[in-house]
Amino acid sequence: ISIILMLHFMSKTLLLVVFLIISIHASPTNYTFNLMVFTDEPQIRTVGNLAMEDINANPSILPETTIDYNFTPVFFNPAIAIEAIIDYSNQNETLVIGNLVDDIAVQSGIVGGVYGVAQLSATASATFLTDKLTYPYFTTLATPSIDQVNAISD
């Protein structure tokens, strides 16, 4: 199941990255994005590499732009995720994509706010992550849990 979830996450992430780069008026010639994931399984890297190759091989998707990623596994460990956010900040990186799990996103989201590192999650859905006073640099593509519950009950 973890591989299926990761494949789903990677597809959402890659579409988002392509959209972000296309949205930039002057696309960079090389763009590397930071990706925090929960495991270091070789299949995950293979999926990422194949996706990058497909996107980079098709000049109609991102003309004159090559994309790549930095892969940081956090192994469901909030301490590792927090350390990664601080490291990104020290490297002047301001965007991290990942944090699939609410428990990790809660803690790294606060640290991201302190260190000025924005985080984008495809799946974190805890309602309190939408509190912009506590999590000013955290964004998720998922609908908050309470909204999901309300939709199911209706």
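Hi everyone, this is a short walk through one predicted protein model, from its overall layout to a few single residues.

Two notes on how to read it. Residues are numbered from 1 along each chain as its sequence is written, and side-chain values use heavy atoms, with hydrogens and water left out. Since the model is predicted, local features need pLDDT of at least 70 and side-chain atom pairs count only at pLDDT 80 or more, while totals for chains, interfaces and linings use all residues.

Let's start with the layout. The chain has five helices and five strands; these are DSSP runs numbered from the N terminus, with H or I of at least four residues for helices and E of at least two for strands. Going along the sequence, you pass through α-β-α-β-α-β-α-β-β-α. Of the 154 residues, 38% count as buried. Buried here means under 20% relative accessible area, exposed means over 50%, and partly exposed is in between, using a 1.4 Å probe and protein chains only. The areas themselves come from the Shrake-Rupley method with a 1.4 Å probe, and for residues only the protein chains shown count as cover.

Now to the inside. In soluble globular proteins, nonpolar side chains tend to be buried together. So which residues make up the largest nonpolar core? That core has 12 residues in all, including Phe 33, Leu 35, Ile 44, Met 52, Tyr 69, Phe 71 and Leu 120. The elements giving two or more residues to this core are β1 (30-37), α2 (42-57) and β2 (66-73). Apart from it lies another core, of 10 residues, with Val 74, Ala 81, Ala 84 and Val 96 among them. By core I mean a set of buried Ala, Val, Leu, Ile, Met, Phe, Trp, Tyr and Cys residues joined through side-chain atoms within 4.5 Å.

Ile 110, Val 114 and Tyr 115 make a nonpolar patch of about 290 Å². Patch residues have over 30% relative accessible area and no salt bridge, with nonpolar side chains (Val, Leu, Ile, Met, Phe, Trp, Tyr) joined within 5 Å and like charges within 9 Å. Tyr 115 sits in helix α4 (residues 102-115) and is partly exposed, with a relative accessible area of 38%.

How many salt bridges does a search of the whole structure find? It finds one, where the side chains of Arg 45 and Asp 40 meet at 3.2 Å, N to O. The rule is a side-chain nitrogen of Lys or Arg within 4 Å of a carboxyl oxygen of Asp or Glu. Arg 45 is partly exposed at 33%, and Asp 40 is partly exposed at 35%.

Phe 76, in the loop between β2 and α3 (78-90), has a positive phi of about 55 degrees although it is not a glycine. Asn 92 also has a positive phi, of about 60 degrees; Asn 92 lies in the loop between α3 and β3 (95-98) and is exposed, at 68%. Ser 89 is found in helix α3 and is buried, at 17%. Asp 102 lies in helix α4, and its C-alpha is separated by 6.7 Å from that of Ser 125, 23 residues apart along the chain.
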